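These are my notebook entries on a structure that I had not examined before. I set down what I looked up, in the order in which I looked it up.

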Amino acid sequence: MSLFPKAGSKIEIQSYKHNGTLHRVWEETLVLQSSKTDMIGFNDRIMVSESDGRQWRTREPAICYFSSDFWFNVICMIREDGIYYYCNLGSPTTFDGTERAIKYIDYDLDIKVFPDMSYTILDEDEYERHRREMNYPKAIDRILKQNVQELINWIRGRKGPFNPTFVDEWYREYEARYRR
């Protein structure tokens, strides 16, 4: 049994902050595969709504990786000059089945990975500010720092979404089964 919505479903992605407030909503992602612990999705030029009311549209197709085991998710953005990865440090992803949405808590820290697999850690100052303002427990701080290192190990080891064939295989799957 999958803990995520079934392949072929269209869902929202909702991120929250530690204090329970809605942070951001991505309007529609197509589920390409799901299992008990992982979900792979596809979206292209979708509307994103921010908690302050701003809206914007993504600029390119993306393959998305979510997990109920890890404290991060990965958005693989397919651009003319290669694959860029945006990695959100956040709680494991959940899906309760009653809504058309997967959910996670966004903990501000992000890692941007470039096509040559170099990377940069983003928003450390925002993380520190929110850690103090929202009183993140020490255990969460420790878990997030461990998962930053896990994510860096995945990047360096070309594991999961960073495997050179991952995006191509899932994009071909999308084109073969869903593109009309």
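Which residues of the largest nonpolar core touch the most other members? I found that Leu 32, Ile 63, Val 74, Tyr 85, Ile 111, Leu 151 and Phe 162 do so, in a core of 35 residues. A nonpolar core is here a set of buried Ala, Val, Leu, Ile, Met, Phe, Trp, Tyr and Cys residues joined through side-chain atoms within 4.5 Å. Buried means under 20% relative accessible area, exposed over 50%, and partly exposed in between, with a 1.4 Å probe and protein chains only.

I noted the elements that give two or more residues to this core: β2 (22-34), β3 (38-44), β6 (61-67), β7 (72-79), β8 (82-90), β9 (101-113), α2 (138-157) and α3 (166-177). Helix α2 supplies the largest share, seven residues. Apart from this core I found another, of 16 residues, including Val 31, Val 48, Cys 64 and Phe 66.

Basis of the entries. The model is predicted: local features need pLDDT of at least 70, side-chain atom pairs count only at pLDDT 80 or more, and totals for chains, interfaces and linings use all residues. Residues are numbered from 1 along each chain as its sequence is written, and side-chain values use heavy atoms, with hydrogens and water left out.

Elements. I counted three helices and 10 strands in the chain. Their order from the N terminus is β-β-β-β-β-β-β-β-β-β-α-α-α. Helices (H or I, at least four residues) and strands (E, at least two) are DSSP runs, numbered from the N terminus.

Leu 151. I looked up its contacts (heavy atoms within 4.5 Å). Leaving aside neighbours within four places in sequence, Leu 151 is in contact with Phe 72, Val 74, Cys 87, Leu 89, Ile 111 and Phe 162.

Whole chain. Of the 180 residues, 46% are buried. Among contacts between residues at least 6 apart in sequence, 48% join residues at least 24 apart. The C-alpha trace spans about 50 × 40 × 35 Å along its principal axes.

Asp 108 lies in strand β9 and is buried, with a relative accessible area of 2%. Met 117 is placed in the loop between β9 and β10 (119-122), and it also counts as buried, at 12% relative accessibility.
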